[in-house]
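Thank you all for coming.

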Amino acid sequence: MKSLKAEHNILADGQEQLKILEHGQTGDFALIPFQQKLEQFDLYPLKSSQIEIFQVNIGKMCNQVCKHCHVDAGPDRKEIMTRETMQQCIDVLKVNPQLKVVDITGGAPELNVNFRWFAAEIKKLNRHVIVRCNLTIIVANKKYYYLPEFYKQHNLEVVSSLPFYTQDRTDRQRGNGVFEDSIKALKMLNAVGYGKNDTGLILNLVYNPAGAFLPPSQQSLEREYKQALMERYDIEFNNLFAITNLPISRFLDYLLQSGNYESYMEKLVNAYNPVAAANVMCRNTISIGWDGYLYDCDFNQMLELKVNCSSRHISEFNITQLNRREIVIGQHCYGCTAGAGSSCGGAVA
Amino acid sequence: MNNNYYNSEDLKKFGNISDFQKNLGEKFFDYYGEVFKDSELTAREKSLIALAVAHAVQCPYCIDAYSSDAYEKGWSEAQMMEAVHVACAIRGGASLVHGVQMMNKVKEIAM
């Protein structure tokens with residue numbers, strides 16, 4: 001399977017995706033605009049509260065090609081953050097202590113040759129660092145077997161996708177053999193202390209639906225995951241984050257191909273929750289693209305919707321301006337406000 | 001009026017039942033909501049029971065709703081089909097067990 005970009009699919013273009021989200025594939029499907037929903041609950045314009053989370057996408061290259069991936073990541077993606085841009089990120093962190101959490105994502109961030117250096121440099125600044133590890137990278141090649149020890153050495157929080165605790169659903173979404181490799185990797189992480197009580201080494205898992213539906217209750221699902229993974233594989237972890245699939249990129253392609261697009265969008269709109277809308281992650285997050293441009297969130301990044309602010313690149317980062325910015329919204333935002341809400345840290349309501 | 005007795009769009013209007021009788025409708029939906037909460041049985045287990053019952057009572061709205069709900073709550077296709085077979089076995093068994101009554105009657109009147 002190739003990325004949408006490698007296939008020259010029109011959905012590789014953010015503008016084309018936005019057109020479909022506004023008017024449907026044939027131009028005759030429109031739902032209540034997200035802005036109007038926010039207005040109904042006095043939440044428009046949606047403003048940044050105060051940026052605390054600095055999320056850096058250090059490259060779109062990945063060893064997997066998941067069917068739902070909003071990054072359209074894969075082995076054929078060559079967009080990788082340079083060491084110079086990473087240095088600019090570090091320089092910004094040095095002078096902005098309010099950026100307490102650094103969330104390193106991709107692609108598979110470990111495929112960036114400067115990943116280790118970058119993570120270690122940020123830890124020297126005494127920040128909490130999250131790495132979004134897809135698990136299979138750990139066992140993809142012997143040269144990555146060191147990763148659990150490396151995460152431990154720098155006390156990185158590991159957040160890993162495991163769409164379900166059964167092989168069938170996981171492999172359908174992430175590719176054949178992914179579940180088995182993920183279990184091996186989880187065992188390696190447990191072996192160095194990740195996910196174990198009293199080690200302080202945090203291992204959080206991410207559930208996202210393997211189909212055109214919303215996540216069930218995060219709390220109930222976490223109980224089921226813990227029980228199933230312990231009973232079947234003797235695996236432990238800390239928390240489960242239930243994340244809704246946003247209707248963009250490859251998941252949008254799936255929705256359109258499977259004829260589920262309209263019903264999924266209706267589902268998201270009908271499940272709009274104003275409490276979730278008030279707590280959306282973009283209010284306290286800034287997302288940095290592989291080339292240093294700034295976005296309100298990883299989803300806006302993939303739709304090429306840059307921040308609505310004169311400070312648009314890491315080289316011109318101005319926290320005062322960014323803290324006052326208006327968030328750029330669109331119909332895809334319904335994905336973060338449906339039901340219990342959704343963020344990179346799971347439910348928000 | 002639609003020409004079909006069943007229309008999938010009508011499922012979305014289930015909540016409107018209260019429009020004609022507010023008090024009873026609201027009591028029903030309060031009760032319904034309470035029944036499906038996590039309690040001695042989990043909401044997930046209840047969803048699979050509901051799926052089986054939906055097939056037993058052959059309600060297309062319920063089958064639509066609980067096929068989605070059970071799958072969303074993590075039951076596999078095979079588990080869901082086994083639940084349908086349970087409903088089928090009970091329905092079939094309910095007919096067949098009446099065969100005993102037939103046998104009793106025949107034995108009563110036959111030489």
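Predicted model: local features only at pLDDT ≥ 70, side-chain atom pairs only at ≥ 80, totals over all residues.

**Around strand β1 of chain A**

Let me begin with β1(A), where A:Ile53, A:Gln55 and A:Asn57 point one way while A:Phe54 and A:Val56 point the other way, and all of them are buried. In a regular strand, the side chains alternate between the two faces of the sheet. The strand as a whole, residues 53-57, is mostly covered, with 5 of its 5 residues counted as buried.

Which strands pair with β1(A)? One of them is β2(A), residues 101-105, which runs parallel to β1(A) over 5 bridges, and there A:Ile53 has A:Val101 as its bridge partner. Between these two strands in the unit comes helix α3(A), residues 83-95, and together β1(A), α3(A) and β2(A) make a right-handed β-α-β unit. Another partner is β7(A), which also pairs with β1(A) in the parallel sense, in this case over 4 bridges, with A:Phe54 bridged to A:Ile286.

Moving on to β7(A) itself, residues 285-288, we find A:Thr285 and A:Ser287 pointing one way and A:Ile286 and A:Ile288 the other way, and all are buried. This strand also pairs with β8(A), residues 294-295, in the antiparallel sense over 2 bridges, and A:Ser287 has A:Tyr295 as its bridge partner there. The hairpin formed by β7(A) and β8(A) has 5 residues between the strands, and A:Gly292 in this hairpin takes a positive phi near 95°.

Let me turn to the helices of chain A. A:Asp171 is found in α7(A), residues 167-174. Is A:Asp171 buried or partly exposed? It counts as partly exposed because it has 18 C-beta neighbours inside 10 Å, whereas a buried residue would need 20 or more. Leaving aside neighbours within four places in sequence, A:Asp171 is in contact with A:Asn176, A:Gly177, A:Val178 and A:Phe179. A:Cys66, although 105 residues away from A:Asp171 in sequence, is 9.1 Å from it in space, C-alpha to C-alpha.

Helix α8(A), residues 178-191, has 14 residues and reaches 20 Å from its first C-alpha to its last, close to the 20 Å expected at 1.5 Å a residue. After α8(A) comes A:Gly193, whose phi is positive, near 115°.

Finally, chain B, whose mean pLDDT is 95, with 98% of its residues reaching 70 or more. Its helix α1(B), residues 22-35, has 14 residues and a reach of 20 Å from first C-alpha to last, which is close to the 20 Å expected. How many of the 14 residues of α1(B) are buried? The count is 0, and the helix is hardly covered. The contact between the chains takes 9 residues from chain A and 9 residues from chain B. By class, the side of chain A that touches chain B has 5 nonpolar, 2 polar and 2 charged residues.

I will stop there and take comments.

Conventions
Residues numbered from 1 in each chain as written. Chains lettered and ligands numbered in written order. Expected span 1.5 Å × (residues − 1). Buried ≥ 20, exposed ≤ 12 C-beta atoms within 10 Å, placed from the backbone. Pairing = 2+ DSSP bridges. pLDDT = per-residue confidence, 0-100. Contact = placed C-beta atoms within 7 Å. Nonpolar A, V, L, I, M, F, W, Y, C, P; charged D, E, K, R; others polar. Right-handed = clockwise from strand over helix to strand, strands pointing away.
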